[in-house]
Amino acid sequence: MSGPAGTAPSILPLRERPAWRALERHRRELAAVHLRELFAADPQRGERLAAEAAGLYLDYSKNLVTDETLALLQQLARESGLAERIEAMFRGERINETEDRPALHVALRMPRGRSLVVDGVDVVAEVHAVLDRMADFAERVRSGEWRGHTGSPIRAVVNIGIGGSDLGPAMAYEALRRYARPDLVFRFVSNVDPTDVVEATRDLDPAQTLVIVCSKTFTTLETMANARAVRAWLLAGLGDEAAVARHVVAVSTNEREVARFGIDPSRMFPFWDWVGGRYSLSSAIGLSTMLAVGPERFAELLAGFNAMDEHFREAPFERNLPVLSGLLAVWYGSLLGAQTHAVVPYSRALARLPAYLQQLAMESNGKRVTSDGRPVDYDTAAVVWGEPGTNAQHSFFQLLHQGTRLVPVDLIVFVQALDPVGEHQDLLVASAIAQAEALAFGRREEEVRAAGCPERLVPHRTFPGNRPTTVVLGERLTPEALGALVALYEHSVFTQGTIWGIDPFDQWGVELGKELAQRIVPELRSETEPDLSHDSSTSTLIRRYRAGRRRGAADGA
């Protein structure tokens with residue numbers, strides 16, 4: 001193996017790889033083939049095109065693929081150096097090339113006793129040292145041993161972050177609420193819209209509230225604005241600067257700024273520059289999750305992550321859930337022209353999963369140049385979106401069934417209900433399975449006529465089918481199942497990035513807006529008319545905001 005990031009030598013540009021060229025020819029051959037024909041020709045297709053690992057069953061039989069398609073996609077993975085990239089990641093090589101560092105989120109969930117030495121440091125030992133500190137603190141808070149400034153126990157936790165330091169913890173809390181302490185309230189603040197922080201704290205008692213500020217640098221604009229607002233709220237209720245040390249903890253790497261904020265440095269839980277925000281749920285960013293479900297359940301979450309990690313590393317491509325998922329995403333997005341990808345969890349507890357996956361997929365692979373800076377001439381990440389079923393069936397499924405756009409859909413289903421109520425779970429699962437069947441096979445004109453439909457309505461009641469779905473089936477939404485599910489998508493995204501030749505671990509695209517906002521803030525606040533050098537639209541918007549701000553001040557708003 002050669003190359004700075006452990007990639008295989010002599011990786012050709014994507015369009016020059018033999019498997020890619022074969023896939024382009026194959027795509028044309030497959031254009032007229034319908035899923036009805038594929039299932040009719042292969043009665044065992046539904047059993048064959050499935051794989052299972054880490055407690056999850058992946059049914060990908062209702063995708064627009066044949067055995068030849070899958071073989072070519074797996075060959076494309078080999079020609080793209082996927083196996084070598086996987087090993088490079090697990091060894092701690094600097095596969096985040098533009099930032100010159102590893103992407104070692106897999107080390108965050110390696111079991112105690114494993115060793116992974118990177119730059120002379122056993123990172124697994126460091127990870128477990130932080131986990132032990134988190135567990136000790138979580139137990140003290142949950143038991144009531146940790147008290148607030150006035151001696152009251154903690155009854156509410158407010159997590160302040162943005163991006164991965166908010167989406168991950170918020171998603172995990174909603175997913176695992178059935179395992180959480182019912183007497184602890186959890187709130188998540190990310191938006192710099194003042195309503196977010198006001199609504200999160202409105203009905204809480206500062207004397208019984210713990211605040212977690214999650215910011216690697218402790219300088220993130222939105223996070224620190226919200227942190228200062230909550231700090232002021234705490235002090236207004238408690239009246240003593242010393243209270244901050246009992247009510248605010250940090251997840252950060254910047255001890256100096258943490259101390260300046262008034263947080264006891266011993267209550268700073270660190271993570272590392274090789275942990276990207278959207279991959280950070282299994283790091284100290286998960287402190288709120290551990291406080292909610294307890295250290296033992298958090299360990300189960302990590303075990304689920306690790307089970308899928310090991311499967312991704314060891315399983316052959318033809319049985320590898322993340323690889324299959326990632327290759328299908330490449331097939332649809334780069335070869336069949338699908339612009340979006342829908343994720344529909346048939347679990348109310350996973351309501352925040354689509355938003356979490358939006359960041360994971362779109363921030364990772366929403367790139368227009370390869371790792372070495374060459375512009376791509378193919379589509380990369382799709383737009384990820386979705387809502388829980390069955391609600392989604394009564395909103396956007398009309399487009400999926402009878403619209404003009406190709407939209408691959410993931411349906412996530414669990415056999416056992418978190419809250420058994422009558423026949424509800426049977427109805428829920430039946431809905432998911434029925435949607436997959438209807439999307440795949442549709443309803444032909446002759447079937448509609450045979451059912452007695454008036455001729456004028458036949459076109460309206462005909463369903464073309466041939467709409468692809470992947471079903472992810474689990475036994476029950478446990479902490480372990482959640483970890484495996486998230487890791488499945490993490491590694492699917494990694495697989496896609498490897499095929500496209502892009503770096504899925506940087507996010508330079510979010511920086512420009514931040515830089516411009518820092519410039520515009522003082523222009524909005526200036527007491528004198530600023531000298532604006534923006535374009536005419538931006539300058540006009542700034543002037544209109546300033547005028548409205550003055551009117552509000554005059555009206556006492």
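A cavity is a set of grid points where a 1.4 Å probe fits but cannot get out. Keep that in mind while walking through this predicted model. The second largest cavity here has a volume of about 30 Å³. Its lining consists of Leu-108, Val-127, Val-130, Leu-131, Trp-272, Ser-282, Ser-283 and Ala-284. By class, 6 of these residues are nonpolar, 2 are polar and none is charged.

How many cavities of 30 Å³ or more does the whole structure hold? The search finds 2. Around it stand 27 lining residues, and Ser-325, Ala-329, His-341, Ser-492 and Gln-496 lie nearest its centre. Several elements give two or more residues to this lining: α14 (321–335), β10 (340–345), α15, β12 (409–414) and α19 (479–500). The lining of the largest cavity has 17 nonpolar residues, 9 polar ones and 1 charged one.

Now step back to the whole chain. The protein chain has 21 helices and 13 strands. Its radius of gyration is 25 Å, close to the 24 Å that the globule rule gives for 557 residues, so the chain is as compact as a globular protein of that length. Along the principal axes, the C-alpha atoms fill a box of roughly 75 × 60 × 60 Å.

Of the 557 residues, 53% are buried. Take the contacts with a separation of 6 or more: 73% of them join residues 24 or more positions apart. The chain exposes about 24400 Å². Carbon and sulfur atoms supply 51% of that area.

Pockets come next. A pocket, unlike a cavity, is an open set of points. The largest pocket holds about 1000 Å³ of space. It is lined by 41 residues, and the closest to its centre are Thr-220, Gln-507, Val-510, Glu-511 and Lys-514. Two or more lining residues come from each of α7 (164–175), α9 (221–238), α15 (353–365) and α20 (511–525). Which element gives the most to this lining? That is α20, with 6 residues. The lining of the largest pocket divides into 14 nonpolar, 17 polar and 10 charged residues.

The second largest pocket has a volume of about 580 Å³. Among its 25 lining residues, Ser-347, Arg-348, Ala-349, Gln-425 and Leu-428 are the closest to its centre. Helix α17 (residues 424–441) supplies the largest share of this lining, 5 residues. Here the classes are 11 nonpolar, 8 polar and 6 charged.

Finally, turn to the backbone. Most residues other than glycine have a negative phi, and most peptide bonds are trans. Where does this chain depart from that pattern? One place is the peptide bond from Gly-389 to Thr-390, which is cis, with omega near 10°. Thr-390 sits in the loop between β11 (383–385) and α16 (397–402).

Two aspartates have a positive phi. Asp-100 has a phi near 55°. This residue is in the loop between α5 (82–91) and β3 (117–118). Asp-119 also has a positive phi, about 55°, although it is not a glycine. Its place is the loop between β3 and β4 (121–122). Is Asp-119 buried or exposed? Its relative accessibility is 60%. Exposed means over 50%, so Asp-119 counts as exposed.

Notes: Residues are numbered from 1 along each chain as its sequence is written. This is a predicted model: local features need pLDDT of at least 70, side-chain atom pairs count only at pLDDT 80 or more; totals for chains, interfaces and linings use all residues. Side-chain values use heavy atoms; hydrogens and water are left out. On a 1 Å grid over the protein atoms alone, a cavity is a set of points where a 1.4 Å probe fits but cannot get out, and a pocket is an open set with protein on both sides within 12 Å along at least five of seven lines; lining residues have an atom within 4 Å of a point. Grid points are joined across faces, edges and corners, and a volume is the space filled by probe spheres set on the points. Helices (H or I, at least four residues) and strands (E, at least two) are DSSP runs, numbered from the N terminus. Ala, Val, Leu, Ile, Met, Phe, Trp, Tyr, Cys and Pro count as nonpolar, Asp, Glu, Lys and Arg as charged, and the others, Gly among them, as polar. The radius of gyration is taken over C-alpha atoms; the globule rule is 2.2 Å times the number of residues to the power 0.38. Buried means under 20% relative accessible area, exposed over 50%, partly exposed in between (1.4 Å probe, protein chains only). Contact means heavy atoms within 4.5 Å. Accessible areas come from the Shrake-Rupley method with a 1.4 Å probe; for residues, only the protein chains shown count as cover.
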